[in-house]
Each structure stands twice: as structure tokens, then as C-alpha cells.
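Subject: A structure for you to look at

Hi there,

Here is the structure I promised to pass on. Please open it alongside this email, and then read on for what turned up in it.

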Amino acid sequence: GLLLILFSAYLSIAFISYFFTWDIDQDKVLGSATDLFSPDTRVVNWLGKLGALVSHWFMYKAFGAASFVLVPVLLLYGLQKLMKRQFINVGAFNAKWLFLMVWSSLL
């Protein structure tokens, strides 16, 4: 549960940083992984090279701005696992939000 909460916080910071730094980091993440993770490569993303790579993948290659839907889904699921208490019906909640994420990314 705690790992899901931390991962949702990591994703939210990486996604927010992407909006400010995508133009500077894009040429680095579009290159090879060995070039990106070489010591000479500098990225501006707030979470470093891995944050730039993760946010680039979600925002540029996968779902776009709709990827922000993953943050509350992972957060609530992690809270439920951590507290061993069901706040919401996870299946219905995830189905609705993930459906919204997929369709809004297509728009």
C-alpha cells in the first residue's frame, strides 16, 4: 500500500514537471537509453533522468494529460491496502476512471 502511495506521488511530481521541462528534455529521452543515462547527460526534470523517462512515456507515448487519472487511482488503492479498510468499490472506481483516461486520451 505504501509503495502505491509513493508511486502515485512520484508520478504526480514527474507529470507536473513534464509540463515545464518537456521541450528541454525531449531530445534526450528520444535518444537511446545509454545516452540518456550517461553521466554527461543533464535533464531538467525535477525527478531526474528516470522522472523524465517515465513522464515522457506516459505523456508523450501513452495517454497524454489523461495520465493524471492514474494518480488518484493509485493513491486510493494504496490507502485502502495500507489501512485495510474499503473506502470505495475499487472495481467500479477503477473501471470508470480508467475508461475516462483511455477515452480522453483519444480525444
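Start with α1, which has a kink of about 85° centred on Thr21. The bend at a residue is the angle between axes fitted to the seven residues ending there and the seven starting there. Helices here are DSSP runs (H or I, at least four residues), strands are runs of E with at least two, and both are numbered from the N terminus.

Before going further, please note that this is a predicted model: local features need pLDDT of at least 70, side-chain atom pairs count only at pLDDT 80 or more, and totals for chains, interfaces and linings use all residues. Residues are numbered from 1 along each chain as its sequence is written, and side-chain values use heavy atoms, with hydrogens and water left out.

Back to α1. This helix has 29 residues, yet its end C-alpha atoms are only 32 Å apart, short of the 42 Å that a straight helix would reach at 1.5 Å a residue. (The expected span is 1.5 Å times one less than the number of residues.) Thr21 is also one of the buried residues of α1, and others include Ile5, Leu11, Phe15, Tyr18 and Val29. Buried means under 20% relative accessible area, exposed means over 50%, and partly exposed is in between (1.4 Å probe, protein chains only). The cover over the buried residues of α1 includes α2 (33-36), α3 (48-62) and α4.

How does α3 compare with its expected length? With 15 residues, α3 reaches 20 Å from its first C-alpha to its last, close to the 21 Å expected at 1.5 Å a residue. There is a bend of about 25° in α3 at His56. His56 is buried, as are Lys49, Gly51, Ala52, Val54, Ser55, Phe58 and Met59 of α3. Among the elements covering them are α1, α2 and α4. Just after α3, Gly64 has a positive phi of about 70°.

Next, the surface. Leu2, Leu3, Leu6, Leu82, Met83 and Phe87 make a nonpolar patch of about 630 Å². Patches are made of residues with over 30% relative accessible area and no salt bridge; like charges are joined within 9 Å, and nonpolar side chains (Val, Leu, Ile, Met, Phe, Trp, Tyr) within 5 Å. Accessible areas come from the Shrake-Rupley method with a 1.4 Å probe, and for residues only the protein chains shown count as cover. α1 (2-30) and α4 (70-83) each supply at least two residues of the patch, and α1 gives the most, with three. Phe87 sits in the loop between α4 and α5 (90-106), and it counts as partly exposed because its relative accessibility is 35%.

How many salt bridges are there? The count comes to one, where a salt bridge is a side-chain nitrogen of Lys or Arg within 4 Å of a carboxyl oxygen of Asp or Glu. Lys28 and Asp27 form it, at 3.7 Å from N to O. Lys28 is partly exposed because its relative accessibility is 22%, whereas Asp27, at 55%, counts as exposed.

Finally, the whole protein. It has five helices and zero strands, and its C-alpha atoms fill a box of roughly 45 × 30 × 20 Å along the principal axes. Of its 107 residues, 36% are buried.

Enjoy exploring!

Best wishes

Key. Contact means heavy atoms within 4.5 Å.
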